[in-house]
Amino acid sequence: MPYTKTVLLFSLVVLFCFPSQAQFVIDTTQADKQEFKTTALKIKQSREKETGRFRARSLFIPAFMIAYGITSMEAEILEDINVKLNDEMFAGDPHKKISIDNYLQYAPAAAVYGLNALGIKGTHNFRDRTMICLMSNIFLATSVYAAKKISHELRPDGSGFSTFPSGHTAEAFAAAEFLRQEYKHISPWYGYAGYAVAVTTGYLRMYNNKHWLSDVVAGAGVGILSTRLAYWLYPSVKNIFFNKKAMNTMIMPYYQNRGGGLALIYRFRN
């Protein structure tokens with residue numbers, strides 16, 4: 001075919017086919033966007049389902065830690081471990097106490113909100129993660145308060161009969177597990193960092209002569225267990241409280257800082 005005819009034919013093909021080709025590209029792009037949204041939604045739903053799934057084996061470690069703490073109140077060999085460790089850390093070489101553990105216990109939970117503010121999104125939105133955090137704290141505060149009242153164990157420094165379990169440690173480990181659950185889909189290092197802070201908090205409670213080892217171990221178990229129960233139960237709470245036909249008000253018991261009461265939560269309609 002002569003050169004001029006080839007050019008003319010090619011020009012006509014481009015002229016008449018370009019609109020349809022452009023439409024095809026647009027349609028394909030829209031389809032890709034829709035497919036991406038669908039895939040993202042499935043991943044999010046899968047994540048939420050995975051988070052809310054109950055696994056009995058996930059309770060083994062915290063349950064063992066709590067059992068260790070309870071057993072130590074009666075088992076002489078474990079009591080000896082408490083005393084010897086306390087002698088090495090404080091009684092044998094008294095030192096100045098530091099109060100950073102009073103604030104460090106909340107650091108992993110604060111990190112969850114800080115990371116979200118920086119654009120690093122966790123598993124849940126603001127409302128859901130706040131409700132989970134609240135439920136976890138209600139569980140651990142109620143458990144710690146009841147255990148302290150029942151056990152009536154003397155603190156190492158003799159300042160009171162409320163040593164078992166360690167509330168600071170429970171709060172720190174609950175917050176660490178909260179951080180791990182929210183960001184484990186991004187990187188396990190977020191969880192490692194949270195638990196490092198929690199371990200430091202527990203260590204400082206012994207360093208400050210406020211708790212025995214068994215108090216710290218049991219407190220860690222209570223904290224982890226409280227958060228895992230909150231994640232397991234929250235899907236049911238969400239379904240009841242936040243669906244369209246749900247009531248606007250929910251009342252839950254709480255205990256914090258040696259005081260208790262009822263927490264009133266009211267949801268305003270849009």
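These are my notebook entries on one predicted protein model.

**Ground rules.** I number residues from 1 along each chain as its sequence is written, and I use heavy atoms for side-chain values, leaving out hydrogens and water. Since the model is predicted, local features need pLDDT of at least 70 and side-chain atom pairs count only at pLDDT 80 or more, while totals for chains, interfaces and linings use all residues.

**Whole chain.** I looked up the secondary structure and found nine helices and two strands. Helices (H or I, at least four residues) and strands (E, at least two) are DSSP runs, numbered from the N terminus. I noted the order from the N terminus as α-α-α-α-α-α-α-α-α-β-β.

I then looked up burial: of the 270 residues, 37% count as buried. Buried means under 20% relative accessible area, exposed over 50%, and partly exposed in between (1.4 Å probe, protein chains only). The chain exposes about 16,400 Å², and carbon and sulfur atoms supply 66% of that area. Such areas come from the Shrake-Rupley method with a 1.4 Å probe; for residues, only the protein chains shown count as cover.

I also checked contacts (heavy atoms within 4.5 Å). Among those between residues at least 6 apart in sequence, 71% join residues at least 24 apart.

**Helices α5 and α7.** I looked at how α5 (residues 107-117) packs with α7 (residues 167-183): the angle is about 30° and the axes are 7 Å apart. Therefore α5 is roughly parallel to α7. Axes are lines fitted to C-alpha atoms, for helices over the stretch in contact, and angles run from 0 to 180 degrees between N-to-C directions. Angles under 35 degrees count as roughly parallel, over 145 as roughly antiparallel, 65 to 115 as roughly perpendicular and the rest as oblique.

On the α5 side, I listed residues including Pro108, Val112 and Leu115; on the α7 side, they include Ala172, Phe178 and Tyr183. The residues of this contact divide into twelve nonpolar, one polar and one charged. Here Ala, Val, Leu, Ile, Met, Phe, Trp, Tyr, Cys and Pro count as nonpolar, Asp, Glu, Lys and Arg as charged, and the others, Gly among them, as polar.

**Gly167.** I found Gly167 in helix α7. Is Gly167 buried or partly exposed? Gly167 is partly exposed, because its relative accessible area is 21%. Leaving out residues up to four places away in sequence, Gly167 touches Gln105, Val144, Lys148 and His211.

**Ser151.** I found Ser151 in helix α6 (residues 126-151). Ser151 counts as buried because its relative accessibility is 16%. Apart from neighbours within four places in sequence, Ser151 is in contact with Met73 and Phe164.
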